Amino acid sequence: MDTRKQLCPLGLKAKQRLLELNKTQNWLIKQVCKDTGKYVDPGYLAKIWTGQRQPPKIITSICKILDITNQK
């Protein structure tokens, strides 16, 4: 049985964009930390990808860094 949560639209779009850019999730985390001054770790990012957390400042930063829009 698969207990992993499904990606929300933002998570799906962001992961696809990371693949297109040939960048890692760790690269994105470093960029977001640098851009916002806030601490983000892989576990927190996973919660954003699945829609469990929706911090506006972090999401805005992710969208800016990856050049994507956050449309639901």
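**Entry 1: D35**

Does D35 count as buried, partly exposed or exposed, and at what relative accessibility? I looked this up first, keeping in mind that the model is predicted. D35 counts as partly exposed, at 36% relative accessibility. I found D35 in helix α2. Leaving aside neighbours within four places in sequence, I noted contacts from D35 to S61, K64 and I65. I also checked D35 against I58: the two are 23 residues apart along the chain, and their C-alpha atoms are separated by 9.0 Å.

**Entry 2: the chain overall**

I stepped back to look at the fold. The chain has four helices and zero strands, and reading along the sequence gives me α-α-α-α. The radius of gyration is 12 Å, close to the 11 Å that the globule rule gives for 72 residues, so the chain is as compact as a globular protein of that length. I also took the extents of the C-alpha trace, which spans about 40 × 25 × 25 Å along its principal axes.

Next I looked at contacts across the sequence. Among contacts in the chain with a separation of 6 or more, 55% are accounted for by residues 24 or more positions apart.

**Entry 3: surface and charge**

Of the 72 residues in the chain, 31% are buried. For the charges, I have 14 positive and 5 negative, and their mean positions are 5 Å apart.

S61 sits in helix α4, residues 56-66. Its relative accessible area is 2%; the cut-off for buried is under 20%, so S61 is buried. Beyond residues up to four places away in sequence, S61 touches V32, D35 and T36.

I65 lies in helix α4 too. I have I65 down as partly exposed, with a relative accessible area of 22%. Not counting residues up to four places away, I65 touches W27, L28, Q31, V32 and D35. I checked the pair I65 and D35 for distance: they are 30 residues apart in sequence and 8.7 Å apart in space, C-alpha to C-alpha.

**Entry 4: W27**

Which residues does W27 touch, not counting those up to four places away in sequence? My list reads L18, I65 and L66. W27 is in helix α2. At 24% relative accessibility, I count W27 as partly exposed.

**Entry 5: V40 in a loop**

I moved on to the loop between α2 and α3, which is the place of V40. Is V40 buried or exposed? V40 counts as buried, at 3% relative accessibility. Leaving aside neighbours within four places, V40 is in contact with I29, V32, C33, L45 and I58. I compared V40 with Q6 as well: this pair is 34 residues apart in sequence and 20 Å apart in space, C-alpha to C-alpha.

**Entry 6: the buried side of α3**

L45, a contact of V40, took me to helix α3, residues 42-49, where the buried residues are L45, I48 and W49. They cover an arc of only 100 degrees around the axis, which puts them on the same side of α3. I reminded myself of the general point: an α-helix has 3.6 residues a turn, so residues three or four places apart point the same way. What covers the buried residues of α3? The cover includes α1 (9-21), α2 (25-36) and α4.

**Entry 7: two positive phi values**

Last, I looked at backbone angles. N22 has a phi near 60 degrees, a positive value in a residue other than glycine. I placed N22 in the loop between α1 and α2. N22 is exposed, with a relative accessible area of 71%.

D67 also went into my notes, with phi near 55 degrees, again positive in a residue other than glycine. Where is D67 found? I located D67 in the segment after α4. With a relative accessible area of 62%, D67 is exposed.

Definitions and conventions
Residues are numbered from 1 along each chain as its sequence is written. This is a predicted model: local features need pLDDT of at least 70, side-chain atom pairs count only at pLDDT 80 or more; totals for chains, interfaces and linings use all residues. Side-chain values use heavy atoms; hydrogens and water are left out. The radius of gyration is taken over C-alpha atoms; the globule rule is 2.2 Å times the number of residues to the power 0.38. Buried means under 20% relative accessible area, exposed over 50%, partly exposed in between (1.4 Å probe, protein chains only). Contact means heavy atoms within 4.5 Å. Lys and Arg count as positive and Asp and Glu as negative; His and the chain ends are not counted. The place of a charge is taken as NZ of Lys, CZ of Arg, CG of Asp or CD of Glu. The arc is that of the directions from the helix axis to the C-beta atoms.
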